[in-house]
Each structure stands twice: as structure tokens, then as C-alpha cells.
Amino acid sequence: LAIANLVTDHALPTDIGRDHGHVLDLLLASGKIVTGFATDNKSGPFRRLKKLFEIDARITVYLADGLDSLPIDVNTIIITCMGGLLINQIISHGTQYLKNITSIIVGPHQQVYEVRQYLSRIGFTIAEETIVEEDNQFYDLMRFERGCALYSEEELKWGPLNLKTKSPELLSKMAKRIEEKRNYAGQVKVT
């Protein structure tokens, strides 16, 4: 649900690498979108997507690697539930397809700093971000839009908008990271 909330009304999204299709289902049900695309680069997940959306002509499913074969009218890319370095790789291998993209929605499981850094370097700025806590894990979800911004090290680490709002999830995430560092420092023996 948090990912779907980042999608703007009337967007035309492609959900990349998501074999369950939940985000697109939520977006259709909420009326935020009227049509969309789903893709995966593996035949098993692709078949699951095809089966899921076989009776719903509003979602077109295609087999492709990353941004390859991205429909020209798509304006929003959704890439979540994978590592940040893989997200960056998917985008960097398909930069020629970004011409019509106005929003990139990402939810990296790790390497969040690197995703913020890379997307800001290629001409996108953070328009919206949130942190979701699930099973004592924290997930940063962000919507980037076209624009230029220079972020500080702290903003790349925690998120510029997160630092402004100081949400309970951000404070919990910071506290957890401090505790992890303390625990690690306590395990290191001085010789």
C-alpha cells in the first residue's frame, strides 16, 4: 500500500520485476491508474504475471530485462523489493528509455544511500519519501521526479524529506542503527 501511495494520479506505470502484481492491483482498484504494464525478465515470474492479469486487459504484461522494451507512453517506473545496487544497474542499463519518464518509484531493501545518490546524479530529485517498518526491518520508499538537487551526506543516508519530517519510523531506524553500531563496537576487542 505504501508503494501505491507514491504513485501520482493518472500515471501510466510499469512495475518492473514484480511477479505478484499487487501494486498494480491496488492502483487499479483505487482509481489512481486506468491502465499499466508489468514486466519480469524470468519466464516463471512472467508466466505468473500473465496468469494474474489474463482477464484484466487494463494491464499489459511483457517479458523484458529491466527497462528494455519499455512502452513509449509509460511515464512512471516502479522498482521495489530488491537491492539498491540492482535497482541502479537496471536504471543505468536503460537510461536511453528514460526520456518520457517523469517519476521513478523505488524501494530498495539495502543500499538506499547509493540509490539516492545515483538517481540525483542522473537528473532526478526526491519528491516524496517514507519509511515503512515491518518485522523490525526498515524499508525506504521514494518517488523521484525530474529535477536537480544536491544532497548532503546526511540527506543521502537518511533522506532529505525524512529528516525534515522526523517521522517516528525515521527515529526508530536511527535508534536501531545506533544500537547496532554499539553492539558491534562492544564485540571488537582491542589488542
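Modeller: Happy to! Helices (H or I, at least four residues) and strands (E, at least two) are DSSP runs, numbered from the N terminus. This is a predicted model, in which local features need pLDDT of at least 70, side-chain atom pairs count only at pLDDT 80 or more, and totals for chains, interfaces and linings use all residues. Residues are numbered from 1 along each chain as its sequence is written, and side-chain values use heavy atoms, with hydrogens and water left out.

The chain comes to eight helices and seven strands, and the helix to look at is α2, residues 22-30. After α2 comes G31, with a positive phi near 85°. Within the helix, V23, L24, L27 and L28 are buried (under 20% relative accessible area, with a 1.4 Å probe and protein chains only). Looking down the axis of α2, these buried residues fall within an arc of 130°, so they line one face of the helix; the arc is that of the directions from the helix axis to the C-beta atoms. An α-helix has 3.6 residues a turn, so residues three or four places apart point the same way.

What lies over that face? The cover of the buried residues of α2 includes α1 (2-6), β1 (13-16), β2 (36-40), β3 (59-63) and β4, where contact means heavy atoms within 4.5 Å. Of the contacts with a separation of 6 or more, 61% join residues 24 or more positions apart.

Terms used:
Buried < 20%, exposed > 50% of the residue type's maximum accessible area, 1.4 Å probe, protein only.
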